[in-house]
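The sequence and the model come first, then the text.

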Amino acid sequence: MTTIQKKSVLGQDNPIAHLTEADIEQIGIELDAIRQDVLDSRGAADAAYIRRVIDTQRKIELGSRAVLLFSAFPPAWVLGTLGLSVSKILDNMEIGHNILHGQWDWMRDPKIHSSTWEWDMASPAEQWKHSHNELHHTYTNVIGKDNDLGYGIMRVDEDQPWTPASLAQPVFCFINAVFFEYGIAAYDLELGSVIAKKQTKDPDFRRRAKQVLGKIRRQATKDYVVHPALSIPTGSFLPTLAANFTANIVRNLWSNSVILCGHFPEGVETFEKRSIDGETKGEWYVRQMLGSANISGSKALHIMTGNLSHQIEHHLFPDLPSNRYAEIAPKVQALFDKYDLTYCARPMPQQVYSAWHKVVRLSLPNGWLKTTNVKNAPQQLGILYKMATGDRRTRRLLGRKLESEARAAA
């Protein structure tokens with residue numbers, strides 16, 4: 001049986017301790033049935049949906065870029081920048097992400113196929129498909145296997161050792177959000193690992209790095225040279241340049257927020273490497289269920305998130321058309337209820353707050369935030385300073401004291 005990582009420091013219990021092996025395998029059977037129902041009913045309406053979304057995105061982008069030709073006028077700049085931001089989000093989330101998952105390959109349309117699609121992101125599609133589809137979706141929230149969990153720059157679980165460097169993780173997380181597409185490109189290249197192992201001269205790495213740099217050059221030329229140059233006759237070169245930069249940042253912040261909401265809020269489980277040894281299909285399903293979180297909201301919000309607002313359903317069925325997730329979500333939630341599992345779903349502001357709360361909480365020693373209040377803040381800051389500047393023994397002793405006090409408070 002899959003073993004959820006214990007978080008004894010907070011006194012949390014294993015959320016699947018009440019399930020038998022038979023229960024878990026039955027969950028898999030029932031989820032397979034939900035998936036098959038969608039596979040059997042895919043058709044013209046689904047194909048029309050994705051074609052309509054692509055057509056809408058292209059018209060919004062074209063219209064926005066036309067308006068930005070006159071972006072020296074503030075109203076045109078605001079309207080054009082807003083439209084371009086929306087078009088880039090649609091291209092990234094509902095279109096690119098889902099096409100590259102192979103959700104629309106069944107249409108056999110060579111123009112809308114995972115093998116031919118390229119998106120408006122720094123990371124080449126082929127590299128992203130490997131790191132995301134093959135690694136992240138296989139090893140969802142498995143610490144040390146799923147690098148999407150914290151992108152290799154964050155402490156993501158209480159059982160991971162706290163170090164003084166952890167204090168900077170909210171800053172790293174924010175910088176990664178602002179320049180998210182480049183962070184993803186570096187992540188797809190496994191840049192940190194390659195540098196650490198001094199493998200930068202490896203031919204395969206150099207080939208992949210060349211692909212990334214080529215993609216970045218093409219994207220930068222389009223957004224920061226060609227389109228601003230077209231605005232020169234109206235004196236709008238710099239405003240158009242600023243609009244493109246702003247739209248890219250907006251897209252980055254939005255997509256990063258959606259991803260954080262999908263796997264990092266409080267209440268989402270993480271897993272040990274050993275927990276997936278000999279993992280059955282039913283256990284894989286359960287891990288996806290407990291390692292993901294949804295965003296509740298309107299149909300417009302679902303489309304703008306690429307339907308990753310239904311992250312639980314997406315991780316259970318990553319190859320199903322995204323427009324069908326809302327349809328199957330009630331069935332999936334009913335399955336959670338049937339087996340007494342927690343279906344983690346909140347409105348987006350709450351999920352964003354929860355995810356960032358976790359980022360901050362895990363940047364601090366276990367129990368520090370829980371045991372700190374206005375009255376004892378000076379004393380707690382003193383403890384934090386000692387842990388940040390002391391040796392390992394000091395951190396270990398003070399950390400145990402904080403954990404003990406946190407358990408007592410709980």
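Arg361 and Glu158 form a salt bridge, with 2.7 Å between the closest N and O atoms; the term stands for a side-chain nitrogen of Lys or Arg within 4 Å of a carboxyl oxygen of Asp or Glu. The two residues are 203 residues apart: Arg361 lies in helix H14 (residues 348–363), and Glu158 in the loop between helix H4 (125–136) and helix H5 (169–178). Helices are DSSP runs of H or I, at least four residues long, numbered from the N terminus.

The model is predicted; local features need pLDDT of at least 70, and side-chain atom pairs count only at pLDDT 80 or more, while totals for chains, interfaces and linings use all residues. Residues are numbered from 1 along each chain as its sequence is written, and side-chain values use heavy atoms, without hydrogens and water.

Arg361 also forms a salt bridge with Glu266. Glu266 lies in the loop between helix H9 (237–263) and helix H10 (281–290), so its pairing with Arg361 in helix H14 ties together parts that are 95 residues apart in sequence.

Glu61 and Arg65 form a salt bridge as well. Both lie in helix H2 (residues 44–68), four residues apart, about one turn of the helix.

| Salt bridge | N to O distance |
|---|---|
| Arg361–Glu158 | 2.7 Å |
| Glu266–Arg361 | 2.8 Å |
| Glu61–Arg65 | 3.2 Å |

Buried means under 20% relative accessible area, exposed over 50% and partly exposed in between (1.4 Å probe, protein chains only). Arg361 is buried at 16%, and Glu158 is buried too. Glu266 is partly exposed at 22% relative accessibility.

Glu61 and Arg65 belong to a network of salt bridges that also links Lys88, Asp120, Glu181, Lys222, Asp223 and Arg251. The count comes to 23 salt bridges.
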